[in-house]
Amino acid sequence: MKRIVKWIAIAAGVLLVIAGIGGFFFIRNMQSMMGGEVELSYTHEQHEQENEGSIVYMTAEITPEALMEIYTALGTGLEGNQTAVKLSTGEPPASNYLDPNLIKELVQSVNGTIVECNTAYGGSRSETAMHYQVAEDHGFTEIADVVIMDEDGSATIPVEGGTRLKENYVGAHFPEYDGFLVLSHFKGHAMAGFGGAIKNISIGIGSAEGKCLIHTAGSSHDSPWGGEQNAFLESMAEAGKSVVDALDGNILFINVMNHLSIDCDCDGNPAEPDIHDIGILASADPVALDQACVDLIYQSEGREALVSRMESRNAELVLEHGEEIGLGSRSYQLKRIDG
């Protein structure tokens, strides 16, 4: 018996060493992808201004009524007869996708069609038939028509002023819509650090092929893996700008800051949030909107895990590059609509 216990102890020790080595090389590989070691500062430059920058509206209420009010506060509707509502349908079984009951009134008020694209990483939404089933299971088909935009492949749109991409592969049905209302659940993300408006119009509107090209900065049409981190982040900003340009600015953005896990809605079993729900924010500028959300995270109690996720992925580079190429402004004025 003593000999068995001894061998069990030795085996456990070996496994711990292997796990430690594996963890070390994983971290070193992630640091290499991002251009070196990343030091977590937990300090942050706030970008809110009093009298300059893009307008970002905010309410602490997260209700259907508040969602309608903040959309109205934007002061301009979307033009055209065909309006797409871009959101994440959420990966089963337990991701934090937006509640259809929360968004139903707004989606129906704009006569919107909910749109999504297939994933490039497998899971339950990588094939069109399965993806439609997920949309039904999660309640989205009960509130509006749903279209998987790349069910018939890709369409390409030009990327102007980019350094990583020359063209962006979006779902083939993208050109059928006159305007987009982008409803994003703001949260962390395993690769991007955070996911908000920019991720929703870049990775989110990219076809499965387009997602691979964004992740690899144009290097691969069929695999999202192996890309360099900073190139990936800059490619997201460039893909997002191509979408805004293709729509001639006929696009509005709303971020819902609830269920603030470090994990994205593409994770079917996300970590529990450490931060309380914050509210709803909206803007015509996706850079300003995401920047305001990031700033609010840094002001929140329990921020450590999500800040670590963002800083370790150099997440704000997508905002820096977005501003550089003209996608939007990091400076913003925050206007409360809830008093």
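Q: Which element gives the largest share of the lining of the largest pocket?
A: Strand S7 does, with three residues. Keep in mind that this is a predicted model.

Q: Which elements each supply at least two residues of that lining?
A: Strand S7 (179-185), strand S8 (187-189), helix H5 (197-201) and helix H6 (208-215).

Q: What volume does the largest pocket have?
A: About 550 Å³. It is lined by 31 residues, and the closest to its centre are Tyr121, His189, Lys199, Cys264 and Cys266.

Q: And the lining by class?
A: The lining of the largest pocket has 13 nonpolar residues, nine polar and nine charged.

Q: Back to the cysteines. How many disulfides are there?
A: The count is zero.

Q: Is Cys264 buried or exposed?
A: Buried, at 5% relative accessibility. Cys293 is buried too, with a relative accessible area of 0%.

Q: Changing topic: how many aromatic pairs?
A: Four. One of them is Tyr177 with Phe180, an edge-to-face pair at 6.1 Å centre to centre, with 80 degrees between the planes.

Q: Are those two buried or exposed?
A: Tyr177 counts as buried at 8% relative accessibility, and Phe180 is buried at 0% relative accessible area.

Q: Which residues form the aromatic cluster?
A: Phe174, Tyr177 and Phe180 form one cluster.

Notes: Residues are numbered from 1 along each chain as its sequence is written. This is a predicted model: local features need pLDDT of at least 70, side-chain atom pairs count only at pLDDT 80 or more; totals for chains, interfaces and linings use all residues. Side-chain values use heavy atoms; hydrogens and water are left out. A disulfide is a pair of cysteine sulfur atoms within 2.5 Å. Buried means under 20% relative accessible area, exposed over 50%, partly exposed in between (1.4 Å probe, protein chains only). Rings of Phe, Tyr and Trp (its six-membered ring) pair if their centres lie within 6.5 Å; planes under 30 degrees apart count as stacked, over 60 as edge-to-face and the rest as tilted. On a 1 Å grid over the protein atoms alone, a cavity is a set of points where a 1.4 Å probe fits but cannot get out, and a pocket is an open set with protein on both sides within 12 Å along at least five of seven lines; lining residues have an atom within 4 Å of a point. Grid points are joined across faces, edges and corners, and a volume is the space filled by probe spheres set on the points. Helices (H or I, at least four residues) and strands (E, at least two) are DSSP runs, numbered from the N terminus. Ala, Val, Leu, Ile, Met, Phe, Trp, Tyr, Cys and Pro count as nonpolar, Asp, Glu, Lys and Arg as charged, and the others, Gly among them, as polar.
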